[in-house]
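Subject: Structure handover

Hello,

Here is the structure I said I would pass on. Please open it first, then read my notes below.

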Amino acid sequence: VELFKLPYRHGSAKAIAAAFFTYKVIQTPFVTIAQHDNFFIESVPLPSILNAVVQKEEYLQWLKLIHFISTATQNYRDKVKKRYGIHLEPKYSTLEDDVSSTLSKSGV
């Protein structure tokens, strides 16, 4: 873990962009950003998710971000359907299948 102090307050989104693009302090292919006010509500099989992403080169072409279920996003599809009458379908569902496959192979 490396801590990089910016010369002035940016806010989280601008600070992350500055770390990537202005100061170029991030040199890894993957980054985990854990905000102080976002709580995980279930365990996250991060190694299996990364393995599934790396095994399919097509994911690396378009995948930029993975959000995990939090208290704010739990039952999001149901909330949108109830509030706006819109039925949401995932744009890409195969990543979940690939992660499940990776987990079953590892015995998890």
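Helices here are DSSP runs of H or I with at least four residues, numbered from the N terminus. On that basis, Val-54 falls in helix H2, which spans residues 46-55.

One caution before the details. This is a predicted model. Mean pLDDT for the protein is 82. Residues at 70 or more make up 90% of the chain. Of the elements, helix H4 (residues 76-84) has the highest mean pLDDT, at 90. Helix H5 (residues 94-106) has the lowest, at 69. Where pLDDT is low, the predicted coordinates should not be read in detail.

Overall picture

The protein has five helices and zero strands. Along the sequence the pattern reads α-α-α-α-α. There are 108 residues in the protein, and 16% of them are buried. The accessible surface comes to about 9400 Å². Carbon and sulfur atoms account for 55% of that surface. Now take the contacts with a sequence separation of 6 or more: 51% of them join residues 24 or more positions apart.

His-10

His-10 sits in the segment before helix H1 (12-22). Is His-10 buried or exposed? Its relative accessibility is 18%. The cut-off for buried is under 20%, so His-10 counts as buried. A polar atom of the His-10 side chain lies 2.7 Å from the backbone oxygen of Tyr-8. With residues up to four places away left out, His-10 touches Ala-15 and Ala-18.

Phe-68

Phe-68 belongs to the loop between helix H3 (57-62) and H4. Which residues does Phe-68 contact, leaving aside neighbours within four places in sequence? They are Phe-40, Val-44, Leu-46, Ile-49 and Thr-73. Take Val-44 from that list. Phe-68 and Val-44 are 24 residues apart in sequence. Their C-alpha atoms are 7.8 Å apart in space. Even so, Phe-68 is not classed as buried: at 26% relative accessibility it counts as partly exposed. The reason is the cut-off, because buried requires under 20%.

Positive phi

Two loop residues deserve a look at the backbone.

Lys-24 is not a glycine, yet its phi is positive, at about 50°. Lys-24 is placed in the loop between H1 and H2. Its relative accessible area is 53%. Exposed means over 50%, so Lys-24 is exposed.

Asn-75 is not a glycine either, and its phi is positive at about 60°. Asn-75 lies in the loop between H3 and H4. Phe-68 is in that loop too. At 49% relative accessibility, Asn-75 counts as partly exposed.

Where to start

I would begin with the His-10 side chain and the backbone oxygen of Tyr-8. Then go to Phe-68 and its contacts, including Phe-40 and Ile-49.

Best wishes

Methods: Residues numbered from 1 in each chain as written. Predicted model: local features only at pLDDT ≥ 70, side-chain atom pairs only at ≥ 80, totals over all residues. Heavy atoms only, no water. pLDDT = per-residue confidence, 0-100. Buried < 20%, exposed > 50% of the residue type's maximum accessible area, 1.4 Å probe, protein only. Polar contact = N/O pair within 3.5 Å; in protein donor to acceptor, adjacent residues only side chain to side chain. Contact = heavy atoms within 4.5 Å. Areas by Shrake-Rupley, 256 points an atom, 1.4 Å probe, with all protein chains shown as cover.
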